[in-house]
Amino acid sequence: MAAPESYSAGSWAESAIEAACLRARDWYRSLPPFSTRAVVGGGQVVGRKSPGILSERDCVINFARLLNEEGVPWEAIHHEVSMSRWIFDEPHPAATAMTPAQRRRRIDLVIVRNEDFLAAAAGC
């Protein structure tokens with residue numbers, strides 16, 4: 001699916017994304033961390049998770065929440081989208097990109113308006 005021409009002048013959600021990024025940064029920094037207890041071999045800390053964020057998916061979910069609060073409609077927010085020829089045209093590398101284990105790569109969070117999907121030409 002080719003990107004609509006309107007994207008070249010800036011994304012329709014750009015201001016919402018910028019605002020959500022600033023809010024996410026402030027929110028993540030405000031979370032109380034667990035005590036330093038995630039250690040390996042040499043005693044180095046490998047993570048500073050918080051009761052508010054236990055996984056990478058928690059970060060994605062909370063960022064989606066902030067995007068929605070900044071005006072991005074829920075139906076435009078998509079989670080764990082496979083990169084494929086359905087989304088990317090060849091010769092874009094994402095059309096056929098695979099992980100080292102020969103699995104399709106996934107995108108954590110995608111923002112696409114329904115109108116753009118409906119307006120996309122078949123076979124793009």
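1. Helices (H or I, at least four residues) and strands (E, at least two) are DSSP runs, numbered from the N terminus. The protein has 3 helices and 4 strands, and from the N terminus on they run α-β-β-α-β-β-α.

2. This is a predicted model, in which local features need pLDDT of at least 70 and side-chain atom pairs count only at pLDDT 80 or more, while totals for chains, interfaces and linings use all residues. Residues are numbered from 1 along each chain as its sequence is written, and side-chain values use heavy atoms, with hydrogens and water left out.

3. On confidence: pLDDT is the predictor's confidence in each residue, from 0 to 100. The mean for the protein is 75, and 65% of its residues reach 70 or more. Helix 1 (residues 14-30) has the highest mean, 93, and strand 1 (residues 39-40) the lowest, 54. Over residues 1-9 pLDDT stays under 50. For that stretch the model has 15 contacts (heavy atoms within 4.5 Å) beyond four places in sequence.

4. Next, burial and contacts across the chain. Buried means under 20% relative accessible area, exposed over 50%, and partly exposed in between (1.4 Å probe, protein chains only). Of the 124 residues, 22% count as buried. Among contacts between residues at least 6 apart in sequence, 60% join residues at least 24 apart.

5. Helix 1 has 17 residues and reaches 24 Å from its first C-alpha to its last, close to the 24 Å expected at 1.5 Å a residue. The expected span is 1.5 Å times one less than the number of residues. Which residues of helix 1 are buried? They are Ala-16, Ala-20 and Ala-24. These lie on the same side of helix 1 because they cover an arc of only 65 degrees around the axis, the arc being that of the directions from the helix axis to the C-beta atoms. An α-helix has 3.6 residues a turn, so residues three or four places apart point the same way. On the other side of helix 1, Ser-15 and Arg-29 are exposed.

6. Helix 2 (56-69) is part of what covers the buried residues of helix 1. Leaving aside neighbours within four places in sequence, Ala-16 is in contact with Leu-67, Glu-70 and Val-72.

7. Helix 2 has 14 residues and reaches 20 Å from its first C-alpha to its last, close to the 20 Å expected at 1.5 Å a residue. Its buried residues are Val-60, Asn-62, Phe-63, Ala-64, Leu-66 and Leu-67. They pack against helix 1, strand 3 (77-82) and strand 4 (106-111). After helix 2 comes Gly-71, whose phi is positive, near 110 degrees.

8. A nonpolar core is a set of buried Ala, Val, Leu, Ile, Met, Phe, Trp, Tyr and Cys residues joined through side-chain atoms within 4.5 Å. The largest one has 11 residues, including Ala-13, Val-72, Ala-76 and Ile-77. Helix 1 and helix 2 are the elements that give two or more residues to this core, and the largest share, 4 residues, comes from helix 2.

9. Two cysteines may be checked. Cys-21 counts as partly exposed because its relative accessibility is 39%, and Cys-59 counts as partly exposed at 26%. The structure holds 0 disulfides (pairs of cysteine sulfur atoms within 2.5 Å).

10. Glu-115 is in helix 3 (residues 114-119). At 48% relative accessibility, Glu-115 counts as partly exposed. Glu-115 and Ala-76 are 39 residues apart in sequence and 9.6 Å apart in space, C-alpha to C-alpha.
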